[in-house]
Amino acid sequence: MRKSFLFGLLLAVCAAAAFGQPARSEARLAGLQKEVTVTRDGRSIPYIEAANEADLYFTQGYTVASDRLWQMDLLRRVARGETAEIFGRTTIEEDKRWRRYGFAAIAEATLPNLPADARAALENYARGVNAYIATLTEETTPMEFRILRYKPREWTPADTIVIGKILADALSNTWQGDLQRLALQGIDKQKYADLYGKTTAYDVILFGKDAKAGVGEKRRRGEEENRRRGDTGTLADAESERRGDAGNLENAVSENISTISESSVAELSLPSVADDEEIRRRSLERVGLYAEGLAASNNWVISGKRTADGKPILANDPHLMPAAPGIWYLVHLSAPGMRVAGVTFPGVPGVVLGHNEHFAWGATNVGPDVQDLYLVTIQDGKIATPEGWAEPTVRKEVIKFRGNPLNPELSSEELLVTETLNGPVIVERGGKSYALRWTALDPKNDDLTAFLEINRAKDWNGFKQALGKYAGAMQNFIYADTKGNIGWYAASKIPIRRKGDGSLPYDGATTDGDWVGTVPFAELPNLYNPPEGFIMTANQRIAGTDYKHQQIIRDFAPPWRARRLYDLLSKDTKATLESSEAAQFDAYNIPLAMLAKDIIDLGAVGEADAKALKEWDGRMMPGSYAALLVNELRNCAANKIAAANQPVPAGAIRERVLFWAVRERTARWLPSGVSSYGDLFKACDAEAKARFAKDYGAESSKWTWGRVVTARFPHPLAAAPLIGSQFATPNSPIRGSGQTPNVASAVSMRHIVSPGNWDTKRFVIPLGQSGDARSPHFKDQFDAWSTGNAPVFVFSKDAVAKAAASVTAFRP
């Protein structure tokens with residue numbers, strides 16, 4: 001039946017195209033109450049119009065499943081720890097990691113805590129997915145199921161909840177940092193302060209201020225010096241200004257009161273923590289949800305006072321690891337009392353980021369501390385608790401796996417997980433065990449209801465009311481409405497500890513690490529119609545050191561993207577959609593532009609390279625040799641410094657130390673036997689040339705940034721022999737880097753909108769709507785995404801009708 005329906009629809013599309021009319025068709029769909037219309041435009045974006053929300057979410061589930069069913073199945077399998085059932089033992093360690101959290105049971109326990117309308121949305125969405133699954137034949141089942149020789153099981157409301165747990169892991173995982181801080185407690189105090197001092201002169205603070213007096217004047221003098229030197233950004237004129245702590249090392253050292261013994265520190269193995277992070281990375285990359293360092297996204301809102309047409313502008317581009325198909329799905333939903341459009345995750349009802357008739361919204365990650373570790377003391381089979389010794393609870397997980405990925409026959413092995421009062425034991429290293437407490441492990445915390453309510457909200461107050469219920473990974477939610485208002489709220493449930501700030505592990509035998517409440521919603525950082533006329537976030541430190549709840553700004557991105565965007569937006573007093581699009585696509589790299597000047601001043605490269613660096617405009621463009629060279633020198637220097645300062649990670653040196661240490665010629669970070677930074681970079685220059693010749697060939701004209709940064713969107717089966725080539729995606733050099741507003745392939749979506757001018761909004765994803773590699777919509781958006789020319793995603797009824805490529809009426 002489905003095969004004949006699709007064949008008939010294809011004929012209708014072809015016939016209609018000849019006359020410039022949309023293809024029209026009808027279909028019966030059991031489970032509907034009333035007729036639902038699904039219009040698809042030239043990109044196959046569905047515009048779903050229903051007479052009630054039950055039919056709306058039902059049809060959304062059906063429609064998304066028709067495009068992305070295997071991706072949905074993979075997402076739930078990742079979070080449930082069931083990927084070895086289809087991929088074999090190669091992913092069994094990933095499954096064990098997810099099983100330790102116990103998300104499958106937590107998702108089931110969450111459902112009764114949801115409001116009735118949210119549960120209904122999940123149930124109706126699941127019914128729609130299952131209605132689509134029921135239509136599948138051997139021929140119409142998605143290719144991945146057939147290759148791996150299994151069939152999709154029914155979708156459940158808990159499957160949607162469990163997908164949210166992947167997002168929590170991708171965007172709020174900080175416990176490794178607690179162990180890293182613990183392991184580094186023994187290093188030189190001045191170096192520790194360098195690594196963990198929060199402030200720099202490049203920061204873009206939105207809420208509160210940094211406590212040190214005199215910062216503004218020093219920044220002004222630094223900016224004047226930068227203009228004289230031709231630098232971008234703000235140069236600190238003293239080391240204490242760079243740290244922002246007036247030389248007080250205690251400000252950079254954790255406030256946490258840790259009673260863990262020194263022997264625990266000595267026995268901790270940072271490489272073993274790195275192994276866990278590698279397992280996590282592989283798992284999240286497979287589904288396009290890995291966000292390195294939790295640094296994910298840019299967004300901003302601009303008041304009509306600073307735009308060319310007097311209407312506000314909202315822009316958002318989330319940054320996540322690329323994958324095929326992409327993690328976002330474009331959709332338009334309409335029912336009485338609600339008309340909303342934007343993107344959602346496959347498997348999740350409603351719209352996650354986008355706009356309704358009244359306002360638009362976007363989000364970037366914040367990086368608060370919502371995870372704590374607790375040392376577990378075990379003696380004679382019992383666990384030390386504040387009330388004395390207690391019997392542990394042991395949870396048994398049975399993990400099924402294939403011996404051969406192409407043979408569906410399953411074997412199994414057991415995983416025993418120890419549960420404590422503080423949560424499951426997730427780390428067992430060096431004879432020590434640590435349990436994890438995490439907001440995502442609490443079934444009372446809900447990350448779905450807020451978005452469903454935002455879809456129906458009408459103003460700033462309704463937006464805030466919805467955000468007050470949000471308990472997922474903390475986000476910088478931005479807002480712009482048709483009345484000209486703009487706003488920002490950093491929202492989620494952030495724990496308050498009995499003692500300390502959670503930056504170091506606690507002793508689980510005490511009550512010091514008890515969570516005694518959450519930060520009141522009214523005390524979370526927020527702005528509404530600020531006098532500056534714009535608000536911008538890029539995962540930077542959003543609150544000053546005078547802010548009461550410093551655990552909210554525990555982990556944050558280096559300030560470079562934020563500083564560059566702030567500089568661009570502050571100068572743009574007649575902003576347009578086009579200028580915001582240009583800002584999203586900007587490839588200027590502040591730290592590398594500064595480093596290039598320092599390397600020239602140090603005389604660390606030859607005449608030809610010095611000339612290339614002098615002529616370089618600081619942009620990370622595919623054809624640039626200078627961009628490749630200075631990036632390689634930066635990485636090499638950071639690696640050499642880290643090797644001489646073990647166990648300090650090279651990434652921490654690269655992102656937190658190198659940019660100022662080189663400029664200030666700070667001797668304490670020079671490796672032993674290296675007399676100057678000039679000598680350090682000379683050694684790196686020689687190594688760089690050898691590496692370029694090895695990796696890119698002897699012909700130096702091929703040594704360009706485009707050899708490092710290419711568009712790459714791997715499908716989970718793309719590397720499979722014989723069958724993988726059908727899942728190939730574009731692989732071409734592109735602009736950008738991790739320190740520029742445009743972060744290359746990691747830009748998972750671009751969205752720019754002027755509230756009220758809804759039919760001019762621009763939305764693009766890297767590949768396409770379909771997860772079927774044979775579909776013309778598998779990668780048809782790539783050119784628009786890669787060139788920074790996002791297509792219009794219309795909204796009004798008339799515009800939708802004009803954009804229609806096909807119209808299907810689904811009837812009960």
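Reader: Which helix and strands each supply at least two residues of the lining of the largest cavity?
Author: Helix H8 (157-171), strand S9 (359-365) and strand S18 (475-481) do. This is a predicted model, where local features need pLDDT of at least 70, side-chain atom pairs count only at pLDDT 80 or more, and totals for chains, interfaces and linings use all residues. Residues are numbered from 1 along each chain as its sequence is written, and side-chain values use heavy atoms, with hydrogens and water left out. Helices (H or I, at least four residues) and strands (E, at least two) are DSSP runs, numbered from the N terminus.

Reader: How many residues of the lining come from H8?
Author: 6 residues, the largest share.

Reader: Different topic. In what order do the 6 strands of the open sheet come?
Author: S14-S15-S16-S17-S10-S21, with mixed pairing. Two strands pair if DSSP finds at least two bridges between them.

Reader: Which are the edge strands?
Author: Strand S14 (393-402) and strand S21 (506-507), each pairing on one side only.

Reader: Do S15 and S16 run parallel or antiparallel?
Author: Antiparallel: 2 bridges join S15 (residues 410-420) to S16 (residues 423-429). Thr420 stands opposite Gly423 in S16.
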